[in-house]
Amino acid sequence: MDITFADKIVQITGAGSGFGRTAALEFSKAGAKLVLSDVNSTGLEETVRQLNIDPDRCLSLTCDISKPEDVSRMIQAGIEHFGQLDVAINNAGIAHTMARMAESSLEEFDRTMAVNVKGTFLCMKDELQQMAHQGHGVILNVASVAGLIGAPLAGAYTASKHAVIGLTKTAALEYARQNIRINAICPAFCHTPMVDNLIDGKEKRERDMSMAIPMGRLGSPEEIVNGMMWLCSDQNSFTTGQALAFDGGLTTG
Ligand SMILES: NC(=O)c1ccc[n+]([C@@H]2O[C@H](COP(=O)([O-])OP(=O)(O)OC[C@H]3O[C@@H](n4cnc5c(N)ncnc54)[C@H](O)[C@@H]3O)[C@@H](O)[C@H]2O)c1
């Protein structure tokens, strides 16, 4: 199967690290023009440096997805620069301190909801408006296996990713007749800074994570981005509203 994004406009949030950075590099190799954003400008600059492409093919902007004015400014800037938005990957997200629910912090709950749920909602709102206007589009939300099943010690994160899947399915139904496909991807633990920070150099923690996955290992960002590329490509023309697990078998049973 030949997946190409030749001259497609692909917008990626959270592009300064992990999945977002790998997606930027891989979509660029497949011919895409990029609108990249992240709240962390240093990480974003590093992604742009690694891309090493003609500046005309990549617009990068600092953006906190929990802030409506930042999101509108980012999406509008991409449309003004490139004229349209073909693919939007709502990838930015945060984890929180692991704790049982009674010991969890309200501040962390609120922040997790503000970024993972409100941030994804704000992005989708402006993306859908543009895609409905232009008559086509693809949205991919990065949820998690924690959006499909419970995840002990990660209550707010789990609730937030279930909510992302709810937004995905609802929007998919609302926009199915307008040539807009909307799916979610549900990765299990992969080696990105988010998970490596949770592991924090502790071998036992990494072993426990690997043991939870039937394949017996963590995933790589490339394995997740391969799934993203297929879901966002023209090869996937009849799948919408799905929350697809890329999880080494974790949610199988
Ligand atoms: N790594 C995993 O194992 C895993 C598994 C399931 C789901 N996910 C999800 O994948 C997505 C990417 O995570 P990652 O593992 O690459 O983590 P990461 O921490 O490496 O990257 C996340 C990026 O999002 C950015 N970000 C954080 N808050 C933001 C905000 N308010 N506005 C804009 N950008 C913001 C960060 O600065 C960072 O660059 C997240 O939504 C995460 O929940 C990750």
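**Helices and ligand**

Guide: α4 passes α5 in a right-handed crossing. Right-handed means that the near helix is turned clockwise from the far one by less than a right angle, and left-handed that it is turned anticlockwise. This is a predicted model: local features need pLDDT of at least 70, side-chain atom pairs count only at pLDDT 80 or more, and totals for chains, interfaces and linings use all residues. Residues are numbered from 1 along each chain as its sequence is written.

Visitor: At what angle do α4 and α5 pack?

Guide: About 15°, with the axes of α4 (residues 106-134) and α5 (residues 155-175) 9 Å apart. That makes α4 roughly parallel to α5. Axes are lines fitted to C-alpha atoms, for helices over the stretch in contact, and angles run from 0 to 180 degrees between N-to-C directions. Under 35 degrees counts as roughly parallel, over 145 as roughly antiparallel, 65 to 115 as roughly perpendicular and the rest as oblique.

Visitor: Which residues of α4 and α5 meet?

Guide: Among them are Phe 109, Met 113 and Leu 128 in α4, and Tyr 157, Val 164 and Leu 167 in α5. Contact means C-beta atoms, placed from the backbone, within 7 Å. The residues of this contact of α4 with α5 divide into 14 nonpolar, four polar and two charged. Ala, Val, Leu, Ile, Met, Phe, Trp, Tyr, Cys and Pro count as nonpolar, Asp, Glu, Lys and Arg as charged, and the others, Gly among them, as polar.

Visitor: And what about α3 and α4?

Guide: Helix α3 (residues 68-82) packs with α4 at about 30°, their axes 9 Å apart. Their crossing is right-handed. The contact includes Ile 75 and Ile 79 of α3 and Leu 122 and Cys 123 of α4.

Visitor: How are α1 and α8 set to each other?

Guide: They are oblique. The angle between α1 and α8 (residues 221-232) is about 60°, with their axes 9 Å apart. Phe 19 and Phe 27 in α1 are among the residues that meet α8, where Ile 224 and Met 228 are included.

Visitor: New topic. Which residues come nearest to the ligand?

Guide: Gly 14, Gly 18, Gly 93, Thr 192 and Met 194, of the 30 residues around the ligand. A residue is near if its C-beta atom, placed from the backbone, lies within 6 Å.

Visitor: Which helices supply at least two residues of that shell?

Guide: α1 (18-29), α4 and α6 (193-199) each do. By class, the shell has 14 nonpolar, 14 polar and two charged residues.

Visitor: How many helices and strands are there in the protein chain?

Guide: Eight helices and seven strands. These are DSSP runs numbered from the N terminus: helices are H or I, at least four residues, and strands are E, at least two. Along its principal axes, the C-alpha trace of the chain spans about 50 × 40 × 40 Å.

Conventions:
Contact = placed C-beta atoms within 7 Å.
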